[in-house]
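User: I have a predicted model open and want to know what lies behind its labels. Can you take me through them?

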Amino acid sequence: MPLLHWSPRSPYVRKVMVALHEKGLAGSVRTVRTHADPMIPHEGLMAVNPLSKIPTLELDDGSVLFDSHVICRWADRTSVSGPHLFPENPMAERDEALGTGLLDIALPWLVETRLRPEAQRSAELAAVYRTKMNRVTDWLEGHVPALEARPFDIGHLSIGVALSYLDFRFDAENWRAGRPKLAEWHAGFAARPSVDATTFRDDPRPQAA
Ligand SMILES: N[C@@H](CCC(=O)N[C@@H](CS)C(=O)NCC(=O)O)C(=O)O
């Protein structure tokens, strides 16, 4: 059975978990809790993914897949059940890039504001991340009719997970304020069984390998 390097804290992993649930594959993949710390390269993980990142999926034939985009595509190709996550419409993958791009802002923002030793934190960088987060969510507020006009795909999945991650780590930013359409759209996303089954959680970290 394929083995997924997994964490309940990682939004990129959650993208994959939601995709596996949507495609009816959640019971066909084992998970192993892997702590991928950007400051501590993980020897065990690097043996299969030299980038030392999760999600990483080890397949039965010994081949390895990363990153979240590639694994979600694999899930879509592997199972015909559930929504077609990667349709011909390029807007699906454009919106996937937007959701993942929001995560690519949120993760370093988290490092900058909470994880880096206080003396090394940059208020300037944190302000840049906040500006970008606000611009992306403003853009999305105007983009809700386009999201609602097409069936659920990887774009909805990626944007929905990114907004859920803002709730998990940046609740005080209150992204819903002034964005009622996006808030309503996200409530519909959060009600999907695949999303409900894969919530973020600050579990105890495993020992470094
Ligand atoms: N582009 C990658 C990003 C994956 C990523 O950055 N994952 C984080 C965990 S949330 C990680 O493994 N960080 C460890 C590191 O950067 O060394 C994807 O979409 O899968």
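User: Why is the pair R192 and E22 called a salt bridge?

Analyst: The closest N and O atoms of R192 and E22 are 2.8 Å apart. The cut-off is 4 Å between a side-chain nitrogen of Lys or Arg and a carboxyl oxygen of Asp or Glu, so the pair qualifies. Across the interface of domain 1 and domain 2, the rule finds three salt bridges.

User: How many residue pairs are in polar contact between domain 1 and domain 2?

Analyst: Five, with both residues at pLDDT 80 or more.

User: Which elements supply the side of domain 1 that touches domain 2?

Analyst: α1 (11-22) and α3 (68-78) each give two or more residues. The largest share, seven residues, comes from α1.

User: Where do domain 1 and domain 2 run in the chain?

Analyst: The domain assignment puts domain 1 at 3-84 and domain 2 at 90-192. Their centres, taken over C-alpha atoms, are 21 Å apart. Domain 1 brings 13 residues to the contact and domain 2 brings 17.

User: What area is buried between domain 1 and domain 2?

Analyst: About 1300 Å², with carbon and sulfur atoms giving 62%. Of the area that domain 1 buries against domain 2, P11, Y12 and K15 supply 42%, more than any other three residues.

Definitions and conventions:
Residues numbered from 1 in each chain as written. Predicted model: local features only at pLDDT ≥ 70, side-chain atom pairs only at ≥ 80, totals over all residues. Heavy atoms only, no water. Domains from an automatic or database assignment. Contact = heavy atoms within 4.5 Å. Buried area = accessible area lost by both parts, 1.4 Å probe. Polar contact = N/O pair within 3.5 Å; in protein donor to acceptor, adjacent residues only side chain to side chain. Helix = DSSP H or I, 4+ residues; strand = E, 2+ residues; numbered from the N terminus.
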